[in-house]
Amino acid sequence: MKHLCKNSIALFLLLFLINTLIAQQRERPNILMIAVDDLRPELGCYGNTLIHSPNIDKLASEGVVFKNSYCNIPVCGASRASILTGTRPTQHRFSRHYDRADEQHPSAVYLAQHFKNNGYTTLSNGKISHIKDDHAASWDVNWRLQLNGSSYRDYVLPKNKELEKGKTARGPSYEIAEVPDSAYKDGRLALKVIKDIQRLKNSDQPFFLTAGFVKPHLPFNAPKKYWDLYERSDFKPVGQIKLPENAPKQAFHNFGELRNYHGIPKKGAISDSLSITLQHGYYATISYVDKLIGDVLEALEESGLRENTIVLLWGDHGWNLGDHGLWCKHCNFNTSLQAPLIISAPNLAKGATTESLVEFIDIYPTLTDLCGLETPRTVEGKSLLPLLQKPNAHHKDYIISKWRKGLTIKTKRYAYTEWRDEKTDTLIAEMLYDHAEDPDELNNLIGDPRYEALTAYLS
């Protein structure tokens, strides 16, 4: 009888433990992570009064806007590999658009894998990693729309599809088409994410769900109704812009991100008319993606899952709209390094902003903290949870970003960049900007004796 009693007690304790673990797992918050390619802080919640971004702005009203958030490297593949491992780019790791986390940092614990190991259903939709099969086993579902003969540039007009035929042709840099939202890949991505939400509402497991939107990446293709939100007179030509005084030549280049498109001059200034069209297109594609994000968030609300779901939105890096004569992301200027970050988490600050400096390697440990998981030792970021609790709290004295041989350190007020020879570590060039007095980075302070001590300290 005693033996039977002991077995009954042991069975009861085992069942109690199992039920407790199941209950804890159900109580863990879900995650919806939204990635937007090439998105600089051109949003209403970041103070832009021209842009139409009501849905992202609504999300901002439900969480915290990080006004000084910075990518660690301004190129797609490397930035995403850095974010999804929580580790910094180095001289020989995470530097190019096609870099993979599983090959360049195999010892790092990939973000999706960590959540999968802790009982989460993991679903990747669209462009999350730059390379689709990077850490593919970390995802229960790894979905990216099949191209079916069309290119990743996703034209819908026959004349534009014809222009891009050939090995090097890219077609035009923008497209205005009288088509529904679902005509482009991002529209179909939103529909896929909505279907996932509808299915996941009946699951007993918490989920890590992603939506990786491609726009506003070039070409600036969007349905006409989003172009119609703006007038050409809303934009000023930037073809003949003023370059920073005393800026080093290493800060500039003639990179082909825009130059390789049909109708774009291979070198020199962009015409005033074209620069207005490109700005118009960039804004139209942001508004298009904003609408799709609104559709996804509405589905999340209707599913009843919103209350227990962390929604995190980031742009993988900024983009230059003719700033400093550049039409790309690949540089050490603030226009490339600064990008949006918005986090809305259950029972934490809402409708708040923080001016604290944060960097994108901080995203990984923030999510693990919010979900009650241990943070892997390979992660180099610092959790943003204290800022979600008290947005005015201090976080970091500086952040670090890099592009090729240029290394940038950003403090609350200053941004210092230096270029060094890889073999000898000899200093080649420097630039220093005072963001309080010169937010557009037009006056390089290197050489001014008043800033010699500060330059030496930041170096």
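**Entry 1: the model and its conventions**

I note that this is a predicted model, in which local features need pLDDT of at least 70, side-chain atom pairs count only at pLDDT 80 or more, and totals for chains, interfaces and linings use all residues. Residues are numbered from 1 along each chain as its sequence is written, and side-chain values use heavy atoms, with hydrogens and water left out.

I checked pLDDT, the predictor's confidence in each residue on a scale from 0 to 100. The protein chain averages 91, and 92% of the residues score at least 70. Over residues 12–25 the pLDDT is below 50, and this stretch has three contacts in the model beyond near neighbours in sequence. Contact here means heavy atoms within 4.5 Å.

Strands (E, at least two residues) and helices (H or I, at least four) are DSSP runs, numbered from the N terminus.

**Entry 2: backbone exceptions**

Most residues other than glycine have a negative phi, and most peptide bonds are trans.

Arg404, in the loop between E11 and E12 (406–411), has a positive phi near 50°. Asp425, in the loop between E13 and E14, has a positive phi near 60°.

The loop between E6 (207–213) and E7 (220–223) contains Pro216, and Pro219 lies in the loop between E6 and E7 as well. A cis peptide bond joins Lys215 and Pro216, with omega about 15°. Another cis bond joins Leu218 and Pro219, with omega about -10°.

**Entry 3: pockets**

I used a 1 Å grid over the protein atoms alone: a pocket is an open set of points with protein on both sides within 12 Å along at least five of seven lines, whereas a cavity is a set where a 1.4 Å probe fits but cannot get out; lining residues have an atom within 4 Å of a point. Points are joined across faces, edges and corners, and a volume is the space filled by probe spheres set on them.

The largest pocket has a volume of about 910 Å³. Of its 32 lining residues, Arg40, Asp323, Thr335, Pro439 and Asp440 are the closest to its centre. E2 (64–70), H10 (272–303) and H11 (334–337) each supply at least two lining residues, and E2 gives the most, with three. I count the lining as 13 nonpolar, nine polar and 10 charged residues. Ala, Val, Leu, Ile, Met, Phe, Trp, Tyr, Cys and Pro are nonpolar, Asp, Glu, Lys and Arg charged, and the others, Gly among them, polar.

The second largest pocket has a volume of about 740 Å³. It is lined by 32 residues, with Asp37, Lys127, His130, Tyr152 and His217 nearest its centre. Helix H7 (residues 185–200) supplies the largest share of this lining, three residues. By class I have 14 nonpolar, six polar and 12 charged.
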